[in-house]
Amino acid sequence: MRKLLATGGAGFIGSEFVRQGVERGYEIAVIDKLSYAGDTERLKNAEGKITFYKIDVTDRESVGEVFRKEKPDIVVHWAAESHVDRSIQDASPFLDTNIKGTQALLDIARQHEIKGFINISTDEVYGDLEEEGQFYETTPLNPSSPYSVSKASADMLGRAYHRTYGLPVITIRPSNNYGPWQYPEKLIPVVILKALNNQKVPVYAKGENVREWLFVSDCAEAVFEAVEKGRAGEIYNVGSGEEKRNIDVVKTILKILGKTEDLIEFVKDRLGHDFRYSLNSDRIRREIGWKPKVQFSEGIEKTVKWYLDNVEWVKRKIYV
Ligand SMILES: NC(=O)c1ccc[n+]([C@@H]2O[C@H](COP(=O)([O-])OP(=O)(O)OC[C@H]3O[C@@H](n4cnc5c(N)ncnc54)[C@H](O)[C@@H]3O)[C@@H](O)[C@H]2O)c1
């Protein structure tokens, strides 16, 4: 069984990946600096089964030591600053972690005999779409926010290291994830928590922006499929095909919670807000055989239930 090194393994999606990896019998080491968004509580089920290093990915010396000690076969790079709104307030941490951090990892990976480097990118690197059309892996990148620019840079760096040095990099571009353990600054947990407390639920502009919602376990499964069957140098879009307007997501959550739509409050739009993302994910379905298992109607019920059952964790996050 191959050894994985997962960066950002204490984050929302990275921790799902680590939990699944343990169940699949992988040996896993995690590097995470535990930013405001990281929390080892997400890994409590994996306690004693993984090795955890509290390290910043930009700290080359410490990351190098982990590589020497762990000798990973495959690196799965999830660590990032991930919230668009924060990148609009201050782009600097995004450029540091997402660009310089990725460069550091790629450089260190080059010095070791790794068999794969899975570089986690995002659908946001493509920019946005009008009502029609889809993004293909061949669509030119056209990112709009400081976050998506930093992710596009990291994405291109990974591909450049494959082409220039032959590093076996696979690029994954997932759509919007949702599910348990997401930090309560992103749309779905914010709506659940505000509604639970009978507070106004803020929705940007008129809530018409469209996102493609992917349940977090499906995203992690896609990455395992890429670890096991992906081709070095390849890019894989990973989307559910389930597009929803934000306002419809909000209304669905209010309905599950038995709340009225009076709670909705339209607020000033996000600066530079992308209108719509939509991935064509035929390649990963065709070449690797992955497909999503959790439909939005089921995933959103599970997610709301999880937040209801884990209110204490969420409260601790909000006051950080
Ligand atoms: N959440 C989504 O909808 C989504 C969609 C597509 C792609 N992605 C990408 O997937 C990855 C994971 O996203 P997420 O939502 O789980 O993010 P997250 O913010 O929940 O987790 C990020 C993790 O990275 C860690 N981290 C941040 N800076 C670090 C640094 N300098 N060194 C080491 N660790 C650091 C944090 O402590 C945290 O544990 C990111 O690369 C993100 O861009 C996310």
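Here is a short tour of this predicted model, one selection at a time.

Before you click, residues are numbered from 1 along each chain as its sequence is written. Because the model is predicted, local features need pLDDT of at least 70 and side-chain atom pairs count only at pLDDT 80 or more, while totals for chains, interfaces and linings use all residues.

**Stop 1: the whole chain.** Show the protein chain as a cartoon and you'll see 11 helices and 12 strands. (Helices, H or I with at least four residues, and strands, E with at least two, are DSSP runs numbered from the N terminus.) The radius of gyration, taken over C-alpha atoms, is 19 Å, close to the 20 Å that the globule rule (2.2 Å times the number of residues to the power 0.38) gives for 320 residues, so the chain is as compact as a globular protein of that length. Its C-alpha trace spans about 60 × 45 × 40 Å along the principal axes.

Stop 2: Select strand 1 (residues 3–7) and strand 2 (27–32): they run parallel, joined by five bridges. (Two strands pair if DSSP finds at least two bridges between them.) Look for Thr7, whose bridge partner in strand 2 is Ile31.

Is strand 2 largely enclosed or open? Five of its six residues are buried, so strand 2 is largely enclosed by the rest of the structure. (Buried means that 20 or more other C-beta atoms, placed from the backbone, lie within 10 Å of the residue's own.)

**Stop 3: the ligand.** Select the ligand and its surroundings: 31 residues surround it, and the closest are Gly8, Gly11, Phe12, Gly38 and Ala80. (A residue counts here if its C-beta atom, placed from the backbone, lies within 6 Å.) Helix 1 (12–23) gives the largest share of this shell, three residues. Strand 2, from the last stop, is among the elements that give two or more.

**Stop 4: a separate selection.** Strand 9 (residues 210–215) and strand 11 pair in the antiparallel sense over three bridges. To finish, zoom in on Val210, which stands opposite Arg245 in strand 11.

Definitions and conventions:
A residue is buried if 20 or more other C-beta atoms lie within 10 Å of its own, exposed if 12 or fewer, and partly exposed in between; C-beta atoms are placed from the backbone.
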